[in-house]
Amino acid sequence: MFDSFGRDITYLRLSVTDRCNLRCLYCMPDDVELLPRCDVLSLEELRRLAGIFIGLGIRKLRLTGGEPLVRRGIETLVRGLGREVVAGRLEEFTLTTNGTHLAEHADTLRAAGMRRINVSLDSLDPERFRRITGRDELPRALEGIAAAAAAGLEVKINTVVLKGENADEIDDLIRWCGANGHDITLIETMPLGRLAECHRDWHVPLDEIRRRIAARWTLRPSHHRTGGPARFFEIAETGRRLGFIAAVSHRFCSECNRVRLTCTGTMTACLGSDAGVELRPILRAADGDGPVEAAIRAGVAAKPQGHGFAVAGFRAFAGQQSRMCRTGG
Ligand code: SAM
Ligand code: SF4
């Protein structure tokens with residue numbers, strides 16, 4: 001599927017739930033309004049839609065959320081999509097998780113053909129972890145990461161860098177990742193949803209963080225690419241990769257190959273835009289897959305050229321309905 005700017009869309013991020021057991025400062029407010037269950041796609045609907053996307057040319061699929069591993073019955077969907085891997089229709093099947101439920105699911109994920117997963121971890125300090133995520137779950141997250149590695153999954157750590165919260169802990173995270181065999185990617189905060197108001201307080205441009213890191217570690221530019229927005233370096237001292245996702249201060253839209261599907265069946269072609277195609281009513285009304293395929297193609301054709309996040313003047317997406325926990329990060 002090519003969009004109107006010639007980008008080949010091969011990557012689907014599938015949000016399977018808006019629920020989460022954590023309440024990260026930058027993602028979900030404590031009083032988050034959860035969706036009525038009837039608005040959320042059933043596991044069968046998620047499986048059917050994923051199959052349609054794969055039929056249209058999606059080759060890489062990432063499960064996300066909310067927290068994908070708190071969705072009841074998630075293992076059924078994982079096994080079903082694992083069959084697409086076995087059939088050679090899906091080249092990469094993966095997951096982004098907060099890690100706290102990984103220990104129970106790691107073997108199933110590996111058996112379904114996952115090779116690498118991303119685990120979000122913003123601090124190694126229990127008190128900071130609790131402050132950032134709202135829950136005392138650091139031990140469970142670390143246990144989940146260890147279980148995933150033991151099951152044969154390569155774990156990449158994702159860390160959102162927050163001024164005043166964890167920006168001074170990056171060296172410790174780099175050291176810990178080096179000692180435990182994980183690559184790490186640092187993520188710049190994005191001004192999404194209601195939390196957009198606080199964004200200015202937390203935002204640190206990743207160029208600044210990179211300069212600080214480069215003063216203490218030997219960074220060598222790496223050609224490694226994941227087809228996503230991350231840019232990588234090799235850290236000579238640890239032998240691991242360090243990635244940067246600077247969505248706000250560096251635009252990466254020209255290479256964007258992805259679309260997202262929310263857990264309610266809205267396809268969004270850009271995280272920085274509210275435009276979306278409602279696939280759920282079409283899916284529920286249609287006997288065959290034709291109308292859904294046509295709607296997906298139309299959504300891809302309308303993919304905007306670039307996101308509209310702006311740091312200067314901070315035009316935040318405060319009015320955006322599709323918060324990260326619904327859209328899937
Ligand atoms: N619950 C899973 C997790 O935390 O990995 C998957 C969903 S979460 C929404 C996906 C990613 O989005 C996480 O790495 C999270 O840190 C990131 N994220 C959420 N809100 C963000 C924001 N406002 N700016 C930047 N990254 C954000
Ligand atoms: Fe939950 Fe992930 Fe959002 Fe944190 S970032 S609240 S773990 S969905």
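This report covers the overall make-up of a predicted model, the packing of helices H1 and H2, and the shell around ligand 2.

## Basis

Local features in this predicted model need pLDDT of at least 70 and side-chain atom pairs count only at pLDDT 80 or more, while totals for chains, interfaces and linings use all residues. Residues are numbered from 1 along each chain as written, chains are lettered from A and ligands numbered from 1 in written order, and side-chain values use heavy atoms, without hydrogens or water.

## Chain

The chain has eleven helices and twelve strands (DSSP runs numbered from the N terminus: H or I of at least four residues, E of at least two). Of its 329 residues, 56% are buried (under 20% relative accessible area, 1.4 Å probe, protein chains only).

Among contacts (heavy atoms within 4.5 Å) with a separation of 6 or more, 73% join residues 24 or more positions apart.

## Helices H1 and H2

H1 (residues 43-55) and H2 (residues 74-86) pack at about 20 degrees, with axes 10 Å apart (lines fitted to C-alpha atoms over the stretch in contact; angles run from 0 to 180 degrees between N-to-C directions). The helices are therefore roughly parallel (under 35 degrees).

H1 contributes Leu43, Leu46, Arg47, Ala50, Gly51 and Ile54 to the contact, and H2 contributes Leu77, Gly80, Leu81 and Glu84. By class, this contact has six nonpolar, two polar and two charged residues (nonpolar: Ala, Val, Leu, Ile, Met, Phe, Trp, Tyr, Cys, Pro; charged: Asp, Glu, Lys, Arg; polar: the others, including Gly).

## Ligand 2

Around ligand 2 are Cys20, Leu22, Cys24, Cys27, Gly66 and Asn98 (a heavy atom within 4 Å). This shell divides into four nonpolar, two polar and no charged residues.

Methods: Angles under 35 degrees count as roughly parallel, over 145 as roughly antiparallel, 65 to 115 as roughly perpendicular and the rest as oblique. Buried means under 20% relative accessible area, exposed over 50%, partly exposed in between (1.4 Å probe, protein chains only).
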